[in-house]
Amino acid sequence: VRERRKMKCPCGRLSSMRNMRRYAMLGVFLCILAGVAPTAHAATFEVSGWIPYWRSAAGTADALQHLDTFTEINPFVYSLKSDGSLADNGKLQEEPWVSFIAAAKAKKVRIIPTVMSSDKEFLSATLKDTKKRIALEDAIAAEVKAKGYDGIDIDFENKGASTKPYFALFLKGLYQRMGNKWVMCTIEARTPPEDVYAKVPKTLEYANDFAAINKYCDRVRFMTYDQRTADLTLNKANKSVLYTPIADPKWVEKSIRLAMKQIKTSKIQIGIATYGYEYRVGGAVGDYEYSILWSFNPKYATQIASLYGVYPARNSAGEMGVSYVPTSTQMLIGSDVFAADPVAEDSGIPTASATNTLQTAFRYMVWSDAQAIQDKVTLAKKLGVRGVSIFKIDGGEDPGLWSVLEGLAKR
């Protein structure tokens, strides 16, 4: 792993694994004498945060004020062009990134950009073609080294099960090319089969090879958000209430415990959202139907609550929620509201329609506030994982976030 490559022994280079074991035992002995438990995670909890390219000015300004909060910053900027080359949507070689990256490095905060794609067919064609796959590995490694980044974060979503062995080959090739640079992997959370299916199929196929990911990724960030209807068990238990959570801690714990069976706990980071979703709700109590409209930052929810005289309350998933009946076709669609799927290939800044049609009895808004974020941090510490990854830092998150994260990061 990267930590081992960077580790230096105060007594010079160890001559053998036997000596290394002796030093390890001595360290444990000294810890016991000092009354300190020799755990690896207590002193190495990490906090990373994604800054999206579509709000780079606000995001960098926000993170700059709280750099001591982070172990790592992930500029969410790279996507893949149709020819397989990298597209820098955030213009990382320009301001405000140049000054921000310099300040982060001065604080010893890792700068590891994300390269993202959710184009299923494109990823399949690229990963299964040996020539294209190797070319992508070369391009990413070259970009990281040329620009002086600390590593890369791979966020390839919506892959088909048929790409599983090829994505593993891609990670292996990339890892070999990166040298002492970090390879971070951001992947979808996996819900236990018994909570996904009424009757679990005899054969289950997945797009991500957890064994390969454990081997070739230095950190594994699970996207433990956008749960919605992913857990049938929890959905059934909450049928009588509005339940379409960003991330219920019960679901997060299930998915992380499942991942821990194949991926080292010391590599796992729990993804935490800072945003919310608004839904058009139909059906009746016990049989609600949810149609997603858009995602939003908490400020938008506050504006809606004030406009309609409604009061947000904490829901069964520990998040904030509020419902209302829309009476106007023109809503407060501004900079804190985004398309439900904000990242499209080769797209510009995401926007949402300013027209709100009245096609249902009511709307439901649910979002991740500081308390909901605290619940996930508490869970991360309970499970003993490496840390947490915040999506997203863009100036629109609950300001209470910073009190929650203060003092957590250890570098």
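Arg-314 has Met-320, in β13, as its bridge partner. That pairing belongs to a predicted model, in which local features need pLDDT of at least 70 and side-chain atom pairs count only at pLDDT 80 or more, while totals for chains, interfaces and linings use all residues. Residues are numbered from 1 along each chain as its sequence is written, and side-chain values use heavy atoms, with hydrogens and water left out.

Helices (H or I, at least four residues) and strands (E, at least two) are taken as DSSP runs, numbered from the N terminus, and two strands pair if DSSP finds at least two bridges between them. β12 and β13 are joined by two bridges in the antiparallel sense. The two form a hairpin with five residues between them, and Gly-318 in the turn has a positive phi of about 80°.

Four of the five residues of β13 are buried, that is, under 20% relative accessible area with a 1.4 Å probe and protein chains only, whereas exposed means over 50% and partly exposed falls in between.

Then there are the aromatics. Rings of Phe, Tyr and Trp (its six-membered ring) pair if their centres lie within 6.5 Å, and planes under 30 degrees apart count as stacked, over 60 as edge-to-face and the rest as tilted. The count comes to 22 aromatic pairs. Tyr-288 and Tyr-290 make a tilted one, at 6.2 Å centre to centre and 50° between the planes. Tyr-288 also meets Phe-362 with centres 6.3 Å apart and planes at 85°, so this pair is edge-to-face. Because Tyr-288 lies in strand β11 and Phe-362 in strand β15, the pair ties together parts 74 residues apart in sequence. Phe-362 counts as buried at 19% relative accessibility, while Tyr-290 is partly exposed at 23%.
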